[in-house]
Amino acid sequence: MIVPLEHLLILSTTLFFLGLVCVLVRRNLIMILIGVEVMLNAVGLTLVGASSFWQQLDGQIMVIFLMAMTSAEVSISLAMVVYLNRRKQSIDIRSFDEMRG
Amino acid sequence: MLALVLILPLVGGLFNACFGSRLPRPLQALIASGAVFASFLAALACWPQATGAGLHVNLFTWLQSGGFTAEVGLLFDPLAAIMTLMVTGVAGLIHIYAASYMADEHDQARFFALLNLFVFAMLTIILADNLLLMFLGWEGVGFCSYALIGFWYRKAENARAGRKAFIVTRIGDLFFTVGLLWLFSLFGTIGIEAINGRAAELDPTTLTIISLLLLGGACGKSAQLPLMSWLPDAMAGPTPVSALIHAATMVTAGVYLLCRMFPLVSLSTMALDVIAVVGMLTALYAATCALAQTEIKRVLAYSTMSQVGYMFLAVGLGSVSAAMFHLLTHAFFKALLFMGAGCIIQLAGHENNIFLMGGLRKRSRSVFWLFLIGLLCLAGAPLTDGFFSKDLILATAFAHGDPFHLSLYGLGVLTAGLTSLYSFRLAYLVFGGDYRGEELPHAVSKVMIWTLVPLGISGLAGGFLNLPHFIGGHAWLSHWLGRDNEVPNLSLQTEYYLLALAFGTFLLGWLIAHLRYHRFVEREPGPVSGFFLSGWRCDAFFDRLLIRPFRQLCRFCWQGVDLALIDGLVESFSRACFVWGHVLRYLADGKISRYLQSFAWGLLLIVSWFLLRAIA
């Protein structure tokens, strides 16, 4: 392995928390989706790193699944963003708060 | 034949209850009185078979379960025979009287159906050969009494009087029930003869308690202290009902019960003494109350209570024949008095208050004489039946000789004087002087007056039933009941002294009444007469003692337990749910950023959990 596992884990953790902060802090729906993507890819990076560390393919297979799932998820969520934009003329999440108890 | 005695009134009552309202009115009355008279004739036909141990008829088995058998069996012994004849005879006359008295009332069919059912239930008490069947009749008369007192149920006070009578007698019935069940558990049988035959096996304490329980039952039905307060209020019912139920028959059921169970009761001296004391105190109490009453029927009600007290005294003295003798004579003259009172009330224009009567002698001579006969019997005028029967009781008390019984005798004589006093007070107020009422008098139908005549005759001649030996009689009743040994054994001279004393108290009562009432004076009721008028304030006392605490208990159960505790629990639970729901709904406030934030916190929690586990 060219890169030590520690570095990889540090990177993916950093990426994960950057994504998380992006999700929590941004008001823009698209930015939140991007944050989710970053988090997912951080996890994927960890899986790939771990898979090559232990010399097992499972992690890499899982990442392929993850990519397929992510693309599906992104297409659906973007479609929904378009739809929501049509309803409210806005993609600010603060305008989608009718589902309150 | 014996079954007919019982079944005829039942059939008459059921027929009137089912179809009576569709029949013309005279027919309803005819069916009812016909049924009772036929029953009387059937009883007469059975009469010869009533000697010795009596006629025993088993109609059918009512209940059978394990060792317990309840037969519907009839026992027609001398005691039952004489009661049956009295009840059916007096009831027959009262039915005819009622047909005339109630001619203008609505709901005659209901009235006669209940009257017939009452006779049926009363005969069940009399003829039953086991305690359970007797209890059935016992409850039956209670129910009929309740329904008849409240016959004019549209007036609230009548309905209340009916309820009061029912509830107070139920308290007595409870004692009877306990006694009955206890006897069954001891002997495994409810047959009256079997229980009486084996009563000697019991230990004295049990015997005394059972006897006192029976006394409690008898007190309820016979309006003795302390369960007496229902009888004066029961006068709210129609007058024939008062005559039948609350004078001649039902109130004597208690005496009859004690006579029936006498072999058992008599084994406990203490129970006998308690019975005598209860009877004597009631007699005295009721006589004092009767002195101050203003309503004619209430005077008679208290006098009934007082006379029934004498009967209890007789039972307590161990003399069944004296009790039965007084029961019979009392039934005749008290039915006469009540029916006469019904006539008087009609004469005075439906007025009950004796202070608004007066001068009624001029309005109807025949009613005057017949009522006077009744009053003389009640007061114990010499040679009337009341004189002999009361004298027999007092002589029996005197013959015991010990201080306890002598003091009972003294109280008895005092009560006899009071009886004479209130009887003549009634006579003077109702018949003497001038008419003080405002209502126009109504005529009294001939039928009503004619039904009084046989009762008047039996009132005058009833003494011959049990004429004592020392004035040439044969004490037939005592002999018939097989109780010759109960005839008091006193010297001739003592007997004459006792008679003279009885006569003296009678005259004294008359004299006082004459001095005080022969000229009507409007008097302000003093505190004493107010005290007597309200029945020694017993109603208020029971109200304080029982009804108010009960009400308070009920209010506690209602407001304390039901409203506060149970409703409070349920409602506070629902309120807690509501409040928590209100709080929790802020979690779902629709703000997506907050949802995401909570995801993050959740994630933090899960991760830290795994980290902690990894460290530990």
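Modeller: Of the 101 residues in chain A, 12% count as buried; buried means 20 or more other C-beta atoms within 10 Å of the residue's own, with C-beta atoms placed from the backbone. This is a predicted model, where local features need pLDDT of at least 70 and side-chain atom pairs pLDDT 80 or more, while totals for chains, interfaces and linings use all residues. Residues count from 1 along each chain as its sequence is written, and chains are lettered from A and ligands numbered from 1 in the order written.

Chain A has three helices and zero strands. Helices are DSSP runs of H or I, at least four residues; strands are E runs of at least two. The pattern along the sequence is α-α-α. The C-alpha atoms of chain A fill a box of roughly 50 × 25 × 25 Å along the principal axes.

Now chain B. It divides into domain 1 (1–129), domain 2 (170–523) and domain 3 (542–615), with bounds from an automatic or database domain assignment. In chain B, 25 residues of domain 1 contact 33 residues of domain 2; contact means C-beta atoms, placed from the backbone, within 7 Å. On the domain 1 side, strand S2 (68–76), helix H3 (78–101) and helix H4 (108–127) of chain B each supply at least two residues. H3(B) gives the largest share, 15 residues.

Key
Contact = placed C-beta atoms within 7 Å.
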